[in-house]
Amino acid sequence: MKMILLRCVFGMTFLAMAGWDPALHAGHPVRFYVKVLAQDGNEGCDVSDLDGDGKLDIVAGRNWYHNPDWTPRALRIIEDNNGYVRSNGDSIYDVNGDGRPDVVSIDFLGSEVFWFENPGGESLMQGYLWPKHLLGDTGLANNEVSFLVDLNGDSTPEFVSNQWVKTNPMLAFRFTTETRAVEVTQGRKTTTIEKQVPAIQKHPIGDFNGHGIGFGDINNDGRDDIVFGNGWYECPQSEPLGGPWKYHPDWEKKHAACPMLVLDLDGDGTTDIINSVAHGYGIHWWRGLGRGDDGKLLFEEHLIDDSFSQPHCLALADLDGDGTNELITGKRVRAHNGKDPGALEPPVMFYFVWDQATKSFERFPIVESQVGIGLQIRTADLDDDGDTDIVVAGKEGTQILFNARK
């Protein structure tokens, strides 16, 4: 079943667009300067205070990077597999509750979820590898991008890995503990004991999946749903992890964004979606129109930009300090190792400013022909100057894009 798209009203918006008011965009473009942290094939990153000094550090694949010197220190060993690092993203979470942020990760083609334990103290600062522990086996091995998201409102995230295969089920995994046999070494002696360790517990959401995923209240009932490339799952009124969610095949979009963004963009009280063609050209926003006579959600699709390919990941952050988020994306470098449309074109990153008066976006460059994106875009004030910086990791390297607004 395909989503009903009533019409495409407009394409890309430029400075010469009718109705564009330069006073609304006087602070743009926001300037950024690039700090290169590494040049490797890793595509995931996250931000947290890893050493407890009050400054935000960065995790990206093999290393973590200490703020403010950004010296790389070892975290884990990751193999390359035919152009892909064996990780489909980094998510920081204090798995064992010791007050130190850990890293949760799964492979593109593996089914096991691991967590890497922050050792803290001198071991952390001296670059020792973080202890690797098994959280559990998902049984799924077509992992597009993984997320930590609170599905049941208990302030504890669940682990969800988007599957690019439609017939794979949609699963959520709750963090818990279980008793396992573990090896303990004292001096030269190693013994096996039974111990309570962190684990994940499976909770089925539905029978279908598909490239692209997002989280938010798509039907305006006050509960966050799951949207993906082949429709959406409705969060139940009762316990969200108590059973399957109702599936709505209201659209089918190949290679949808990771994440799709769910929000009321135009402020009309009805939820909209920002989506992209992750392995081709095109970024769109879908204006929500409510339900049709058949009960399906209706959307009106608007083109934002189709000038560059592989806008795999989307993010929102306030880059200009006006209290309103901008849309951030770029070209994922060698997403399919050069096999996607436009794959050999230069890397780019842009941000888009929403104009409520014209219901349109205006594009501004972040950096061109130097930095692209990978699987995750992270934003935070890394240098404590009061504005929002950007961290990206892709196959051309890991970079900080420092906001030079102030």
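How many aromatic pairs does the structure hold? The structure holds 16 aromatic pairs, where rings of Phe, Tyr and Trp (its six-membered ring) pair if their centres lie within 6.5 Å, planes under 30 degrees apart counting as stacked, over 60 as edge-to-face and the rest as tilted. One of them is the stacked pair of Tyr33 and Phe402, at 5.2 Å centre to centre and with 25° between the planes. This pair joins distant parts of the chain, since Tyr33 sits in strand E1 (residues 32-38) and Phe402 in strand E30 (residues 397-403), 369 residues apart.

A word on the basis: this is a predicted model, in which local features need pLDDT of at least 70 and side-chain atom pairs count only at pLDDT 80 or more, while totals for chains, interfaces and linings use all residues. Residues are numbered from 1 along each chain as its sequence is written, and side-chain values use heavy atoms, with hydrogens and water left out. Strands (E, at least two residues) are DSSP runs, numbered from the N terminus.

Tyr33 is partly exposed, with a relative accessible area of 46%, whereas Phe402 is buried at 6%; buried means under 20% relative accessible area, exposed over 50%, and partly exposed in between (1.4 Å probe, protein chains only). Next come Trp251 and Trp286, whose ring centres are 5.3 Å apart with planes at 75°, so this pair is edge-to-face. Trp251 lies in the loop between strand E19 (246-248) and strand E20 (261-263), and Trp286 in strand E22 (residues 281-291). Both Trp251 and Trp286 are buried. Ring pairs also link Phe208, Phe228, Tyr233 and Tyr247 into a cluster.

I turn to Asn162. Is Asn162 buried or exposed? Asn162 counts as buried because its relative accessibility is 0%. Asn162 belongs to strand E13 (residues 158-163), and its side chain reaches the backbone nitrogen of Gly212 at 2.9 Å.

Finally, the largest pocket. A pocket is an open set of points on a 1 Å grid over the protein atoms alone, where a 1.4 Å probe fits, with protein on both sides within 12 Å along at least five of seven lines; lining residues have an atom within 4 Å of a point. Here 25 residues form the lining, and Phe147, Leu148, Pro259, Ile377 and Arg378 lie nearest the centre. Strand E12 gives the largest share of that lining, 5 residues.

Technical notes: Helices (H or I, at least four residues) and strands (E, at least two) are DSSP runs, numbered from the N terminus. A polar contact is a pair of N or O atoms within 3.5 Å; within protein, one must be able to donate a hydrogen and the other to accept it, and residues adjacent in sequence count only if both atoms are side-chain atoms.
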